[in-house]
Amino acid sequence: MISALRVFFRSIGDTWFNLVGYSVCNVVVAVGAILLPFLIGLGMDAIGIHPLATIVVGILLFVIVGAPLLIGLLHVTAESLVYNERPEVTLMLRHARSDASRAWMLLGLEVIGIAIVLTVVGFYLSVNATWAVPLSMVSIVIGWIWFGTIFLAGPMMVRSEKGALTALRNGFVAFSRYPFFTTTLLIMALLVGLMSILISPLIVLITLSFLSVLLNRATVWILQKEGLIPKPEYPEDESPEL
């Protein structure tokens, strides 16, 4: 848990250090991934289209427009953290265009998985019978594993340059190796998301970029622990003696 807290607060520092660049990228992603589907959904609802159709269109727009932008944001964040440079919108859009197909596949699988998990958990929780209790617990554990897996799948795909299935596999392996670390950061990310709902300008201005930094920092920490990438020459809380 201490490592998760260090990663979280280090991510805050990284975001603050390049606040302007991350804010600009965040605005672009928020407009395409959140505001556009939301406004179109409001328009469909205003002209009397069935709510189910509105929800389906909103989800499709989120996947089609939002997925490439989110992957582009993860890409530009990873490069910004490596080279200590300001994230650029043009570079983010370039990555979004080149990785669109992989992003669609990954987010599509994640959305389908979330829908299945929520449906199964809701079904067993609604059954008022003794036999449903253990099945409810099992479905909740499976849901926990799935959310932990997809939490890391995006940055894993960015770093591996492979497809969605490989990213999900790598995310599952990383989560199974470090479940408490991942779960702690997942809970903190959810709290940040809830706070951003209450303070809505945060979603447009910085939340998505901060979460992108957090995901990349978490992935780097796991890969360093596994020896897949080199650790920094000096610990984060130390500096070389001159």
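Asn84 is exposed because its relative accessibility is 52%, where exposed means over 50% relative accessible area, buried under 20% and partly exposed in between (1.4 Å probe, protein chains only). The model is predicted, so local features need pLDDT of at least 70 and side-chain atom pairs count only at pLDDT 80 or more, while totals for chains, interfaces and linings use all residues. Residues are numbered from 1 along each chain as its sequence is written, and side-chain values use heavy atoms, with hydrogens and water left out. Helices are DSSP runs of H or I with at least four residues, numbered from the N terminus.

- Asn84 sits in the loop between H3 and H4.
- Its phi is positive, about 55°, although Asn84 is not a glycine.
- Most residues other than glycine have a negative phi.
- Gly48, which follows H2, also has a positive phi, near 90°.

**Helix H2**

- H2 covers residues 19–46 and bends by about 40° at Val31; the bend at a residue is the angle between axes fitted to the seven residues ending there and the seven starting there.
- The buried residues of H2 are Gly21, Tyr22, Ser23, Cys25, Asn26, Val29, Ala30, Gly32, Ala33, Pro37, Gly41 and Met44.
- These buried residues pack against H1, H3 (51–83), H4 (89–98) and H9 (201–225), with contact taken as heavy atoms within 4.5 Å.
- Leu35, also a residue of H2, is partly exposed because its relative accessibility is 33%.
- Val56 belongs to H3 and is partly exposed, with a relative accessible area of 41%.
- Gly41 and Val56 are 15 residues apart in sequence, and their C-alpha atoms are 9.5 Å apart in space.

**Crossing of H1 and H8**

- The axes of H1 (residues 2–17) and H8 (residues 179–198) come within 8 Å and cross at roughly 40°; axes are lines fitted to C-alpha atoms, for helices over the stretch in contact, and angles run from 0 to 180 degrees between N-to-C directions.
- H1 and H8 are therefore oblique to each other, since angles under 35 degrees count as roughly parallel, over 145 as roughly antiparallel, 65 to 115 as roughly perpendicular and the rest as oblique.
- On the H1 side the contact is made by Ser3, Ala4, Leu5, Val7 and Phe8, and on the H8 side by Phe181, Thr184, Leu185, Met188 and Val192.
- Eight residues of this contact are nonpolar, two are polar and none is charged; Ala, Val, Leu, Ile, Met, Phe, Trp, Tyr, Cys and Pro count as nonpolar, Asp, Glu, Lys and Arg as charged, and the others, Gly among them, as polar.

**Crossing of H2 and H9**

- The axes of H2 and H9 come within 7 Å, crossing at roughly 105°.
- H2 and H9 are therefore roughly perpendicular to each other.
- H2 contributes Leu19, Tyr22, Ser23, Cys25, Asn26, Val27, Val29, Ala30 and Ile34, which meet Leu202, Ile203, Val204, Leu205, Ile206, Thr207, Leu208, Ser209 and Val213 of H9.
- By class, the contact of H2 with H9 comprises 14 nonpolar and four polar residues, with no charged ones.

- Thr207 of H9 is buried because its relative accessible area is 7%.
- Not counting residues up to four places away in sequence, Thr207 touches Asn26, Val192, Ser196 and Leu202.
- Arg217, also in H9, is buried at a relative accessible area of 15%.
- Apart from neighbours within four places in sequence, Arg217 is in contact with Val7, Arg10, Ser11, Asp14 and Leu81.
- Ile150 lies in H6 (residues 132–160) and is buried, with 14% relative accessibility.
- Glu110, Ile114 and Leu168 are the residues touched by Ile150 when those up to four places away in sequence are not counted.
- Ile150 and Leu215, 65 residues apart along the chain, have C-alpha atoms separated by 11 Å.

Technical notes. Helices (H or I, at least four residues) and strands (E, at least two) are DSSP runs, numbered from the N terminus.
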